Amino acid sequence: MSGISKIKDRLKAFLIELGDLSYFTGRFFREVFKRPFEIKELLGQCYNMGNRSLLLVGITCFIIGLVLDLQTRPTLMEFGAVSWMPSMVSISIVREIGPIITALVCAGRIGSGIGAELGSMRVTEQIDAMEVSGTNPFKYLVVTRVLAVTLMLPLLVIIGDAIALFGSFLVENLKGNVSFTLYFNQVFDSIEFGDIIPAIIKSSFFGLAIGIVGCYKGYYCAKGTEGVGKAANSAVVVSSLLLFIIDFIAVFVTDIFYDL
Amino acid sequence: MNDKQNISHSEIVLQIKDLHKSFGDNHVLKGFNMSLYQGENLVIIGKSGSGKSVMIKCLVGLMEADSGSITVMKNDITKLTQEALDILRADIGFLFQGSALYDSMTVRENLEFPLRRHSKKFSKNADTEALVLEALTSVGLAHAIDLMPSELSGGMKRRVALARTLILQPKIILYDEPTSGLDPITAKEIIILMQDIQKKYNTSSLIITHDMDCARVISDRMLLLIDGIDYAVGSFATLSASKDPKIRAFFKN
């Protein structure tokens, strides 16, 4: 009996959390089009999130490009299909690996950062101070951060894809003596707008999810330093989980369009 | 007629009537009443968890009361629109317990922040830099203008927070535990500063504190918040002479 009631309680807590998160998302969409527009803060956040995530995204994607090529090469060689390598790698990276890896890196880097920052602001009453000074803290803190991640993530994905492809090219150049021109000619021959556009749209949704979850966890952080830690941690866990769910939906929807 | 008698005849700038606030089954405020007069320092004392902070947060609209009325300068804040409340907030300064300075901003930016939000309150030609410097000078920290909050001591943070509260030239200042977490010397400096500000700007102050020294020095009147109601109101001398055991408990030491 106690086991069932525990499950009931957890389910109830989960549904309440889901409801609160949905309400928070709805509030974001209501507030985003209202004045005043915090342009300066938005640009500052874009710089903060985009520029400061670039190195981490770049290194991760570069290694992913190298590893993907190194792991795939022997199998393709077995079938004498090594010339397909640029096409295969580029489609994998552009459609799937680039967006999801970049989003996961950003969930860790940006999501936890937002959760901890807003959580600490909540605990130290800075959000209350902002409200008392006549500023809408939701608009100033949440809307700007969510918009910044939503706008910056597609850009980071594009740069990450390029770096991953460059990593793959390096392996091809060293192992197969493939020239830069030949490799990237094959890459651009095999990629279509139908690969790029859905990936960019998907990345925006990834950014939205990271921003919303990070802000939600931080904005409603429990009092105390433990609350800040929990906010940062659960921002990463929940947004990472959401990324895979969004990815599945995006692939499913894209597949429907491909079939048309 | 002395100053304190004058105060009781001046205009009421803030009034709370029959305020109720509960969190689930926990009834924190059970019909709380109070009035703050123009130019008065009213100190509110109560045990931890007695609802002082809840009351002060209801007062500035950070929390919604379950019932009752809160009138600030003739405006019932429970009935104001968000826009009207934001405008009214320019006349209410709030000094938070932990100073609540924005960590990511310099001292200058911390002070400029409320100014930008309430630019309509000042003339178009108002010099932001001069206003910031004036507020910082009044708390003796003009030299700290370009420092980050992390570079300030606890006492300095409290002073900067006070300057940020002052910069909009509020008519009412709410102090939430202004001396908590400070050493006795710094606490005394903050109390003197509060008195100076009150004299200089003729503000009305509502001070929540546990510090009886602070209450003794600064209060024109004291209000004891016990069991969610305004249990007793009077001067420090009157209350400290009370025979009521609940009141005596606050003056034991």
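Predicted model: local features only at pLDDT ≥ 70, side-chain atom pairs only at ≥ 80, totals over all residues.
## Where chain A meets chain B

Let's start with the interface. On the chain A side 14 residues are in contact with 20 residues of chain B. Together the two chains bury about 1500 Å², and carbon and sulfur atoms give 51% of that area. Looking at chain A's share, A:Glu125, A:Gln126 and A:Val132 supply 36% of what the chain buries against chain B, more than any other three residues.

Charge pairing shows up here too, with three salt bridges counted between chain A and chain B. One pair to look at is A:Asp128 with B:Lys57, whose side chains meet at 3.6 Å, N to O.

## A helix pair in chain A

Two packed helices are described by the angle between their axes and the distance between the axes. For α3 (residues 85-123) and α8 (residues 225-259) of chain A, those values are about 150° and 8 Å. The crossing of α3(A) and α8(A) is right-handed. As for what lines the contact of α3(A) with α8(A), the residues split into 15 nonpolar, eight polar and three charged.

## Salt bridges within the chains

Over all chains, the tally is 23 salt bridges. In chain A, A:Glu172 pairs with A:Arg73, with the closest N and O atoms 2.9 Å apart. A:Glu172 sits in helix α5 (residues 137-176) and A:Arg73 in helix α2 (residues 39-78), so this pair ties together parts of chain A that are 99 residues apart in sequence. Is the pair buried or exposed? A:Glu172 is buried at 2% relative accessible area, and A:Arg73 is buried as well, at 9%.

Over in chain B, B:Arg159 and B:Glu189 form a salt bridge with their closest N and O atoms 3.2 Å apart. B:Arg159 counts as buried because its relative accessible area is 17%, under the 20% cut-off. B:Glu189, at 36%, is partly exposed.

B:Asp227 and B:Lys246 also meet in a salt bridge, 3.2 Å from N to O. Here the link runs from the loop between β9 (221-226) and β10 (229-234), which holds B:Asp227, to B:Lys246 in helix α10 (residues 245-251), 19 residues apart. Both ends are partly exposed: B:Asp227 at 48% and B:Lys246 at 38% relative accessibility.

## An exposed glycine in chain B

B:Gly24 belongs to the loop between β1 (12-23) and β2 (26-37) of chain B. With 62% relative accessibility, B:Gly24 is exposed. Its C-alpha atom is separated by 30 Å from that of B:Leu36, 12 residues apart along the chain.

Key. Residues numbered from 1 in each chain as written. Chains lettered and ligands numbered in written order. Heavy atoms only, no water. Helix = DSSP H or I, 4+ residues; strand = E, 2+ residues; numbered from the N terminus. Buried < 20%, exposed > 50% of the residue type's maximum accessible area, 1.4 Å probe, protein only. Axes fitted to C-alpha atoms, helices over the stretch in contact; angles between N-to-C directions. Left-handed = near helix turned anticlockwise from the far one by under 90°. Nonpolar A, V, L, I, M, F, W, Y, C, P; charged D, E, K, R; others polar. Contact = heavy atoms within 4.5 Å. Buried area = accessible area lost by both parts, 1.4 Å probe. Salt bridge = Lys/Arg side-chain N within 4 Å of Asp/Glu carboxyl O.
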